[in-house]
Amino acid sequence: PEEATIRRHIDETVPHGPPLLNWPGGKRALLTELRRYLPRDFGCYFEPFFGGGALFFATQPDEAVLSDVNEELIECYTVIRDDPDRVIDRLRRLNNTAVDYLAVRASKPRLPEARAARFVYLSTLAFNGIYRVNLRGEFNVPYGRKTHLDVVRAAAIEATSQSLKGKSLVCADFAHVLDRAARGDLVYLDPPYTVAHGNNGFLKYNAKVFSWEDQARLATMARTLAHRGCLVLATNACHASIKTLYYGLKQIVIQRPSRIAADAKHRGIVNELIITNLAKK
């Protein structure tokens, strides 16, 4: 299938292979296009919506501040950065079966390395790699029945750890983190959003994953960073309301295969938006 061919090509071009964590809205499919805007030289790399980290792992910057409001995610990356062997050891105790998956999903580990292993395990085996929690903050995605997958993935964990060495990992709102960005720093903004609803219910649905007020705050921050002399690269939904928010910055419409639908026959090509003050190579 065309999508599988595209993903294989992308994985082969990333220095350490595909990102360790499956993450909703991951940008593996847009890497080729995004890298055309990356400057040859920049200062610190900032990514305040750090999920799978496809662009970071493809770029391998010397200095980086990686952040998100998801405490479990940031703790997982921090433990992998500092002590990957403990995470690998914990994963070796887990099996890839429906019964084991449900047991791990229901568990509440006390030790950081056990929580990190649980996070990697669930990301690997959850249906469609979805990260979703209920109102009580409990992970509730069903088992994906991908029995062929190795839950340990020691080489990927070790490579991820090496890439994160010396990098700052922060659990905080994007505005707090981006206050540190200075002239010449590269800022990649990839907030939570979906393009699946198009014009039908777009604003209502996306407000649940990232509020419209937050989108407006982020657009204001993007212009502030550009005026400060930062190098800004952003991805967002290709929607009229988003385009209006990001006035003053270049906006480029790109296409990618959709992976939202569970049934491949319902997937197709969707438009997304690159927003930047950078020139295309």
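In this predicted model, L225 has a relative accessibility of 0% and therefore counts as buried. The residue belongs to helix 11, which spans residues 212–228. Once its neighbours within four places in sequence are set aside, L225 is in contact with L178, A181, V187, C230 and V232. L225 and D179 are 46 residues apart in sequence, yet their C-alpha atoms lie 8.8 Å from each other.

One of the partners of L225, C230, is itself buried, because its relative accessibility is 1% and the cut-off for buried is under 20%. Another cysteine, C44, has a relative accessible area of 5% and so is also buried. How many disulfides does a search of the whole structure find? The search finds zero. For readers new to the term, a disulfide is a covalent bond between the sulfur atoms of two cysteines.

I275 sits in strand 7, made up of residues 269–276. Is I275 buried or exposed? With a relative accessibility of 0%, I275 counts as buried.

Attention can now turn to a pair of helices. The axes of helix 5 (residues 84–91) and helix 8 (residues 154–164) come within 10 Å and cross at roughly 160 degrees. Helix 5 is therefore roughly antiparallel to helix 8, since angles over 145 degrees are classed in this way. The crossing of the two helices is right-handed. Helix 5 contributes P84, D85, V87, I88 and L91 to the contact, and helix 8 contributes A154, I157, E158 and S161. Sorted by class, the residues of this contact are six nonpolar, one polar and two charged.

Of the 281 residues in the chain, 48% are buried, and L225 and I275 are among them. Contacts across the sequence can be summarised too: among those between residues at least 6 apart in sequence, 69% join residues at least 24 apart.

How values were computed: Residues numbered from 1 in each chain as written. Predicted model: local features only at pLDDT ≥ 70, side-chain atom pairs only at ≥ 80, totals over all residues. Heavy atoms only, no water. Disulfide = S-S within 2.5 Å. Buried < 20%, exposed > 50% of the residue type's maximum accessible area, 1.4 Å probe, protein only. Axes fitted to C-alpha atoms, helices over the stretch in contact; angles between N-to-C directions. Helix = DSSP H or I, 4+ residues; strand = E, 2+ residues; numbered from the N terminus. Parallel < 35°, antiparallel > 145°, perpendicular 65-115°, else oblique. Left-handed = near helix turned anticlockwise from the far one by under 90°. Contact = heavy atoms within 4.5 Å. Nonpolar A, V, L, I, M, F, W, Y, C, P; charged D, E, K, R; others polar.
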